[in-house]
Amino acid sequence: MTCSARIECQTAGPEQTMSLGAALGDMAAPNDVFGLTGTLGAGKTCLVKGMARGLGVADSRRVISPTFVLLRRYEGCLTLYHFDAYRLDDAEAMEDIGCAELFEAGGVSVVEWADHVDGCLPPEHFRVSIRVTGSSRRDFAIEGVGDGPSDRMEELRHRLAPWSADS
Ligand SMILES: Nc1ncnc2c1ncn2[C@@H]1O[C@H](COP(=O)(O)OP(=O)(O)O)[C@@H](O)[C@H]1O
Ligand SMILES: [Mg+2]
């Protein structure tokens, strides 16, 4: 078994990506922050829909991209803060909406286009990079940044085994 700190997964359609997201949402703990990267249409919002489902958000299918509002909030077992930094070129606008406080408000935060706001994510977070590898195929690379997330990678690897690219 590989012991790399990076978990690689694959999905073959939006439903599988939502299930992968649900597994992430299910293991998420208060104050977890996830930074998502990937081109337009990669599947970031699709993954967040699944995370909402995993977090017990009542109508997770209604999760839509917060592109124009920067932030949407959904109530589940934990509050889901869904940020979209597509229109931002730096961390300042994210800071203006109070992301630092929200990251520590006891919910779970997910930031689409995290690469647009490098520097505003907390020192500890999970990074999910999505690559389009076919019309319905997507590759996911999940990394834990900082001690807390790194220590949870083995557990995460078990939970994400159904989508593992190694198997
Ligand atoms: N394996 C897959 N995972 C996620 N989305 C997929 C997949 N295959 C096809 N798609 C399609 O790709 C699009 C992803 O859209 P979306 O999640 O809004 O992307 P993003 O938020 O990254 O811009 C949707 O139209 C979805 O149906
Ligand atoms: Mg999106």
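Mentor: Two strands pair if DSSP finds at least two bridges between them. Strands (E, at least two residues) and helices (H or I, at least four residues) are DSSP runs, numbered from the N terminus. This is a predicted model, in which local features need pLDDT of at least 70, side-chain atom pairs count only at pLDDT 80 or more, and totals for chains, interfaces and linings use all residues. Residues are numbered from 1 along each chain as its sequence is written, while chains are lettered from A and ligands numbered from 1 in the order in which they are written.

Trainee: In what order do the strands form the open sheet?

Mentor: The sheet has 7 strands, and their pairing is mixed. Strand 2 (residues 33–37) pairs with strand 6 (residues 125–132) in the parallel sense over 4 bridges, whereas strand 1 (residues 6–11) and strand 7 (residues 138–145) pair in the antiparallel sense. The order is 1-7-6-2-5-4-3.

Trainee: Which residue of strand 6 is the bridge partner of Leu-36?

Mentor: Strand 2 and strand 6 share 4 bridges. In strand 6, the partner of Leu-36 is Val-128.

Trainee: How many residues surround ligand 1?

Mentor: A residue counts as near the ligand if its C-beta atom, placed from the backbone, lies within 6 Å of it. Helix 1 (14–27) and helix 2 (44–54) each supply at least two residues of this shell. Thr-17 and Lys-44 are among the closest residues. The number surrounding ligand 1 is 19.

Definitions and conventions: A residue is buried if 20 or more other C-beta atoms lie within 10 Å of its own, exposed if 12 or fewer, and partly exposed in between; C-beta atoms are placed from the backbone.
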